[in-house]
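Okay, thanks for coming, everyone.

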Amino acid sequence: MYIDFHTHGKLAKKLPFSTVYTDWLFGEAKKAGLDALCLTEHFNTLQFDELYGYLKKTCDREGDTLVAPSGLRIFAGMETDIAESGHVLSIGTPEEIMELNRRLEPYKEKGQFLPFEKLRDLFDEYEVIVGAAHPFRAGGNIPSLPEDQLRRFDFVDLNGKDVAEDRERTERLTCALGEKLQIPVVSGSDTHQAVQYGCIRTCFPGEIRTVKALYEEMKAGHYTIQVSDHAAFQVKTAGLLKRALKEIHAAGGNYVSVLTEEG
C-alpha cells in the first residue's frame, strides 16, 4: 500500500472549500499511484468541518478510513500550529479529528496557538497518533522543544517539499531526529495541489484500514520510503501552479474550472 502521510484537501486554507476541487485532488492522487493518504488539513482552514462532513457523506467507511469513489483510502488527520512555532500532525478517526478541531476553535488565530505540551495533553485524550511535521523547515522550532516533550511525538514527517529543496540535509536531520527519539520516520508530500502527489511516498506490504494497525506497522518498521526522481520538478511546478490558481481566484475567476474543465 502506497500512502502519503501529509496532504491537504484544499488549494489554500483561506480559500472556500470546493467539493469539485477535493474530488479532483483525490482522483489525481489515485492516478499518481497512491492507494491511501492522510488528509492532514490545516486546523484553521476555512470550512474544516464542511470538508470532513462532505467526505463522510460521499465516501464508504472501512475501519477507521474513508474510501473515495476513486478507490483512494483516506485516513483523517489535521495539521496544527503550536505557540513555539512549528506544525504538528495528528491522525485518527474522522470523528476524533472533527471533535478535536472543534475543541481547538479558541486557539486558531496566531497569538492564540497552544504550546505543544498543552496540545499533546489534549491529543492524549484520544486514540490519535501525533507527528512532528517538517521539523527542520525554516521558521519552525520543533527540534528546540524540551526533550521530554519531543519524546511525546509518535512519528516524524520526512517532508517531500523539503526533500525536493535539499534532500541530503532533510534526510540527514529528519532521520537523526527519529533515531534519537526512537520513533518512525515516514513520508508526506505536503501537497495542496495534485502535481506534487508521488514526489515522496511510504510503502507498506499490505492494506491497512485502522489507525492502530497503521501505527503498529510504522513502529515495526514494515515500510520503505520512495522519493521520485522528479521530486524537485514536481514540487516547483505545484508551487507555481498554486500561486497562479490563487491569482485566478483573487481576480474573480474560477480556478476549479481551469483544472477540471467544468463550468
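**A walk through the model**

Let's start with K108: setting aside neighbours within four places in sequence, K108 is in contact with F43, N44, N101 and F113. Before I go on, please keep in mind that this is a predicted model.

So where does K108 sit? You'll find K108 in the loop between α3, residues 94-103, and α4, residues 116-123. Is K108 buried or exposed? K108 has a relative accessible area of 12%, and the cut-off for buried is under 20%, so K108 is buried. Now look at what the lysine side chain does there. It makes a polar contact with the side chain of N101, at 2.9 Å. A polar atom of the K108 side chain also lies 3.4 Å from the backbone oxygen of F43.

Next up, helix α1. This one covers residues 19-31, which is 13 residues, and at 1.5 Å a residue the helix should span 18 Å. The C-alpha atoms at the ends of α1 are 18 Å apart, so that agrees. Which residues of α1 are buried? They are Y21, T22, W24, L25, F26 and A29. If you're wondering about spacing along a helix, an α-helix has 3.6 residues a turn, so residues three or four places apart point the same way. The cover over the buried residues of α1 includes β2 (36-42), α2 (48-58), β5 (73-81) and α10 (255-260). And just after α1 you run into G33, with a positive phi of about 100°.

On to the aromatics. How many aromatic pairs turn up in the whole structure? The search finds nine. One of them is Y21 with Y255: the ring centres are 5.6 Å apart and the planes are at 70°, so we call that pair edge-to-face. Y21 is in helix α1 and Y255 is in helix α10, so the pair ties together parts that are 234 residues apart in sequence. Both of those tyrosines are buried.

Then there's F116 with F153. Here the ring centres are 4.5 Å apart with the planes at 25°, so this pair is stacked. F116 lies in helix α4, while F153 lies in the loop between α5 (147-150) and β8 (155-159), so the pair ties together parts that are 37 residues apart in sequence. F116 and F153 are both buried too.

Elsewhere, F5, F155, F204 and Y223 form one aromatic cluster. And for a ring with a charge on it, look at Y2: the charged end of R201 sits over that ring, 3.6 Å from its centre.

Let's move to the strands. β8 and β9 run parallel, and four bridges join them. Across that pairing, D157 stands opposite V186 in β9. Strand β9 is residues 185-188: V185 and S187 point one way, V186 and G188 point the other way, and all are buried.

Last topic, backbone angles. Most residues other than glycine have a negative phi. Two residues here are worth a look on that score. Q47 is not a glycine, and its phi is positive, near 65°. Q47 is in the loop between β2 and α2, and at 26% relative accessibility it counts as partly exposed. D190 also has a positive phi, about 65°, without being a glycine. That aspartate lies in the loop between β9 and β10 (200-203), and at 7% relative accessibility D190 counts as buried.

That's my tour, so over to you for questions.

Notes:
Residues numbered from 1 in each chain as written. Predicted model: local features only at pLDDT ≥ 70, side-chain atom pairs only at ≥ 80, totals over all residues. Heavy atoms only, no water. Helix = DSSP H or I, 4+ residues; strand = E, 2+ residues; numbered from the N terminus. Buried < 20%, exposed > 50% of the residue type's maximum accessible area, 1.4 Å probe, protein only. Polar contact = N/O pair within 3.5 Å; in protein donor to acceptor, adjacent residues only side chain to side chain. Contact = heavy atoms within 4.5 Å. Expected span 1.5 Å × (residues − 1). Phe/Tyr/Trp six-rings, centres within 6.5 Å; stacked < 30°, edge-to-face > 60°. Lys NZ or Arg CZ within 6 Å of the ring centre and 35° of its normal. Pairing = 2+ DSSP bridges.
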